[in-house]
Amino acid sequence: MTYYKKRVDENQKQIIHTFIALGASVLNLSRVGEGAPDLAIGYKGKTVFVEVKRDEKAKYTEPQIKFMQNWRGGPVSRIDSVDAAIRLIKMLDMA
């Protein structure tokens, strides 16, 4: 049983820095494993789980799919770029 991710997507560090620069709190969950999302983002009283992917073609792993199917909270946002991180924060501003 794997308890942590062996590889972190290259763009994750830049995406984390973007969220922080935009005023969000970031909890890195990438070592949790078992399909858990990579990040928990806190912004203006809202919490969003984020799965970071290296690009738009990257696929979810089987454990990630199972996690999302069984999670009874909000959806997991897929982020593959700084622009996508900015869009997520803008959406949270409008909510």
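Visitor: Which residues does F19 touch, not counting residues up to four places away in sequence?

Guide: This is a predicted model, in which local features need pLDDT of at least 70, side-chain atom pairs count only at pLDDT 80 or more, and totals for chains, interfaces and linings use all residues. Residues are numbered from 1 along each chain as its sequence is written, and side-chain values use heavy atoms, with hydrogens and water left out. Contact means heavy atoms within 4.5 Å. With residues up to four places away in sequence not counted, F19 touches A24, V26, L39, I41, V50, I79, A85, L88 and I89.

Visitor: Which residues have the most contacts inside the largest nonpolar core?

Guide: A nonpolar core is a set of buried (under 20% relative accessible area, 1.4 Å probe, protein chains only) Ala, Val, Leu, Ile, Met, Phe, Trp, Tyr and Cys residues joined through side-chain atoms within 4.5 Å. The largest one has 16 residues, and those with the most contacts inside it are F19, L39, V50, I79 and L88.

Visitor: Which element gives the most to this core?

Guide: Helices (H or I, at least four residues) and strands (E, at least two) are DSSP runs, numbered from the N terminus. Two or more residues each come from α1, β2 (39–43), β3 (46–52) and α3. With 5 residues, the element that gives the most is α3.

Visitor: Are α1 and α3 roughly parallel or roughly antiparallel to each other?

Guide: Helix α1 (residues 12–21) and helix α3 (residues 82–94) pack at an angle of about 30°, with their axes 9 Å apart. Axes are lines fitted to C-alpha atoms over the stretch in contact, and angles run from 0 to 180 degrees between N-to-C directions. Angles under 35 degrees count as roughly parallel, and over 145 as roughly antiparallel. The relation of α1 to α3 is therefore roughly parallel.

Visitor: Which residues of α1 and α3 make the contact?

Guide: On the α1 side, the contact is made by Q14, I15, T18 and F19. On the α3 side, the residues are V82, A85, I86, L88 and I89.

Visitor: Does T18 count as buried or exposed?

Guide: T18 lies in helix α1 and touches V82, A85 and I86, not counting residues up to four places away in sequence. Because its relative accessibility is 13%, T18 counts as buried.

Visitor: What distance separates the C-alpha atoms of L39 and A24?

Guide: L39 lies in strand β2 and, at 0% relative accessibility, counts as buried. L39 and A24 are 15 residues apart along the chain, and their C-alpha atoms are separated by 12 Å.

How values were computed:
Parallel < 35°, antiparallel > 145°, perpendicular 65-115°, else oblique. Buried < 20%, exposed > 50% of the residue type's maximum accessible area, 1.4 Å probe, protein only.
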